[in-house]
Amino acid sequence: MFTWLRQQKNTLVTRWALRGCSSVGTAPKSWGIPLIQNAGQLIIGDDFSIWSHLSRSQLEVGADGVLQIGNHVFINTGTTISAKVAVIIGDRVQIANGVSILDSDFHGLEDRHSPSPAEPIRIEDDVWIATRAIVLKGVTIGRGAVVAAGAVVTCDVAPYTLVGGVPARLIRPLQKPAYQPLSL
């Protein structure tokens, strides 16, 4: 009885916390209340989980921007995702705590009062982004790739590779799974 009540309470709190999203799939879960700022389109797939219990996770979409999150995605506490143009996240992606994913610099390098152009970010299926990594504008992270803790990703990451460092560089290739993960 108490387990059922706890699940129902979590479902209601999660739906309330994600009320600013354009659409949310089935069975979303949250621990704590994330900060949602949506002036564009924020689309979340099925079985989405976001934690904000130690520090708030933030999902921010600018005017005319798109943040699309696939199925079975987990976002840990203190993560910031900002989509001024587009951030597309595939299925079964794991994002650890304190990660920043930003498709814009928000200002120019020399003229800091005028914005530099934003560039879309694409994170393909089965990616793991470890603690406090930063993913910058214009990057594509290939399927099955792993971004090491503290890495700063400034250019594309090939599928099934491990990258790390500042800026992120190839550490080693990863073995492709012998099976194709099920899309539940």
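**Strands, loops and a buried phenylalanine in a predicted model**

Student: In this predicted model, in which strand is the place of Phe74?

Tutor: The model is a predicted one, and in it Phe74 belongs to a strand that covers residues 74-75. The strand that holds Phe74 is β8.

Student: Is Phe74 buried or exposed?

Tutor: The relative accessible area of Phe74 is 18%, and a residue counts as buried when this value is under 20%. Because 18% falls under that cut-off, Phe74 is classed as buried.

Student: Which residues is Phe74 in contact with, leaving aside its neighbours within four places in sequence?

Tutor: Contact here means that heavy atoms lie within 4.5 Å. With the neighbours within four places in sequence left aside, the residues in contact with Phe74 are Ser49, Trp51, Val93, Gln94 and Ile95.

Student: Which strand pairs with β19 in the antiparallel sense?

Tutor: Strand β19 (residues 161-164) has Thr161 and Val163 pointing one way and Leu162 and Gly164 the other way, with all of them buried. Two bridges join β17 to β19 in a parallel run, where Val146 stands opposite Leu162. The antiparallel pairing, by contrast, has four bridges and places Gly164 opposite Arg169, and the strand that takes part in it with β19 is β20.

Student: Which peptide bond is cis, with omega near -10°?

Tutor: The hairpin of β19 and β20 has four residues between the strands, and Gly165 there takes a positive phi near 100°. Pro167 also has its place in the loop between β19 and β20, and the cis bond is the one from Val166 to Pro167.

Student: Is Asp64 buried or exposed?

Tutor: Asp64 is found in the loop between β6 and β7, and its phi is near 65°, a positive value in a residue other than glycine. Its relative accessibility is 74%, and since a value over 50% counts as exposed, Asp64 is exposed.

Student: What is the relative accessible area of Arg132?

Tutor: Arg132 lies in the loop between β14 and β15, and its phi is positive, at about 60°, although Arg132 is not a glycine. Arg132 is exposed, and its relative accessible area is 60%.

Conventions: Residues are numbered from 1 along each chain as its sequence is written. This is a predicted model: local features need pLDDT of at least 70, side-chain atom pairs count only at pLDDT 80 or more; totals for chains, interfaces and linings use all residues. Side-chain values use heavy atoms; hydrogens and water are left out. Buried means under 20% relative accessible area, exposed over 50%, partly exposed in between (1.4 Å probe, protein chains only). Two strands pair if DSSP finds at least two bridges between them.
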